[in-house]
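The following exercises are to be worked through with the sequence and coordinates at hand. Each task is followed by a solution in steps.

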Amino acid sequence: MFWYKRQLVLVMAGIFMCSSSVFAARGHAPIKGTSGESKIEGDIFFNEENGGLTVEAKVVNVAPGNYGFHVHENGSCDDTGKAAGGHFNPNHVEHGYLPKNGILHAHAGDMGNITVGEDRTGVSNIFLPGLTLTNGIYAVAGRAVIVHEKADDFGQPTGNAGSRIGCGVIEVVL
Ligand code: CU
Ligand code: ZN
């Protein structure tokens, strides 16, 4: 009986150590339509890796096309997404595309476009240099991801992507 308990403790400790190293915390924004007319749904995941965040984005139930999507300042989707405020922009710099321009020459929330195909599904896998999940001024947890009605054309001041069809607040999950 003593032997059995000891083995059990060792096995439990092993499971705990494996799970804590393999499954780091990550961010998840569950995307929903901002009004009854928008049937968009999706999931945006953020993983902390190598000095930034990798993003795995998927949206469904949207017409084919390109849709601007960004991290916006506030963690609210109220008022058809307007409550999310402007693009997350802690450095007060110009609008751009963070993966290409870097954190000093684009808004921290500038994720570009998500391309939706004939199957009404779109995916984007990008890396956002400099951002974090919860630490410091570049943290995205508690802010909102907005999907816009049109493409981000990277014009100033916010890419001309129009109104907000989808929104989700970034939560920390395991
Ligand atoms: Cu936006
Ligand atoms: Zn922007």
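**Exercise 1. Determine how the donors of the zinc ion (ligand 2) are spaced along the chain, and characterise the site.**

Step 1. Along the chain, the donors of the zinc ion (ligand 2) show the spacing H-x7-H-x11-H-x2-D. Donors are N, O and S atoms within 2.8 Å of the metal (3.2 Å for Na, K and Ca); water is not among the atoms, so sites may look incomplete.

Step 2. The protein donors are His87 (ND1), His95 (ND1), His107 (ND1) and Asp110 (OD), at 2.0 to 2.1 Å from the zinc ion (ligand 2).

Step 3. The angles among the four donor atoms are 98 to 117°, and the site of the zinc ion (ligand 2) is tetrahedral (four donors with all angles between 85 and 135 degrees).

Step 4. His95 lies in the loop between β4 (65-72) and α2 (98-101), and His107 in the loop between α2 and β5 (110-116), twelve residues apart; the pair links distant parts of the chain. Helices (H or I, at least four residues) and strands (E, at least two) are DSSP runs, numbered from the N terminus.

Step 5. Both His95 and His107 are buried (under 20% relative accessible area; exposed is over 50%, and partly exposed in between, with a 1.4 Å probe and protein chains only).

The model is predicted: local features need pLDDT of at least 70, side-chain atom pairs count only at pLDDT 80 or more, and totals for chains, interfaces and linings use all residues. Residues are numbered from 1 along each chain as its sequence is written, chains are lettered from A and ligands numbered from 1 in the order in which they are written, and side-chain values use heavy atoms, with hydrogens and water left out.

**Exercise 2. State which residues the disulfide joins, and explain why it is left-handed.**

Step 1. The structure holds one disulfide (a pair of cysteine sulfur atoms within 2.5 Å).

Step 2. The disulfide joins Cys77 to Cys167, with an S to S distance of 2.0 Å.

Step 3. The disulfide is left-handed because the torsion about the S-S bond of Cys77 and Cys167 is about -75°.

Step 4. Cys77 is in the loop between β4 and α2 and Cys167 in strand β8 (residues 164-169), so the pair ties together parts that are 90 residues apart in sequence.

Step 5. Cys77 is partly exposed, with a relative accessible area of 25%, whereas Cys167 counts as buried at 4% relative accessibility.

**Exercise 3. Describe the surroundings of Val93.**

Step 1. Val93 is located in the loop between β4 and α2.

Step 2. Not counting residues up to four places away in sequence, Val93 touches Ile103, Leu104, Ala106 and His107 (contact means heavy atoms within 4.5 Å).

Step 3. Val93 and Ile103 are ten residues apart in sequence, with a C-alpha to C-alpha distance of 8.8 Å.

Key:
Tetrahedral: all angles 85-135°; square planar, octahedral: opposite > 155°, others 65-115°.
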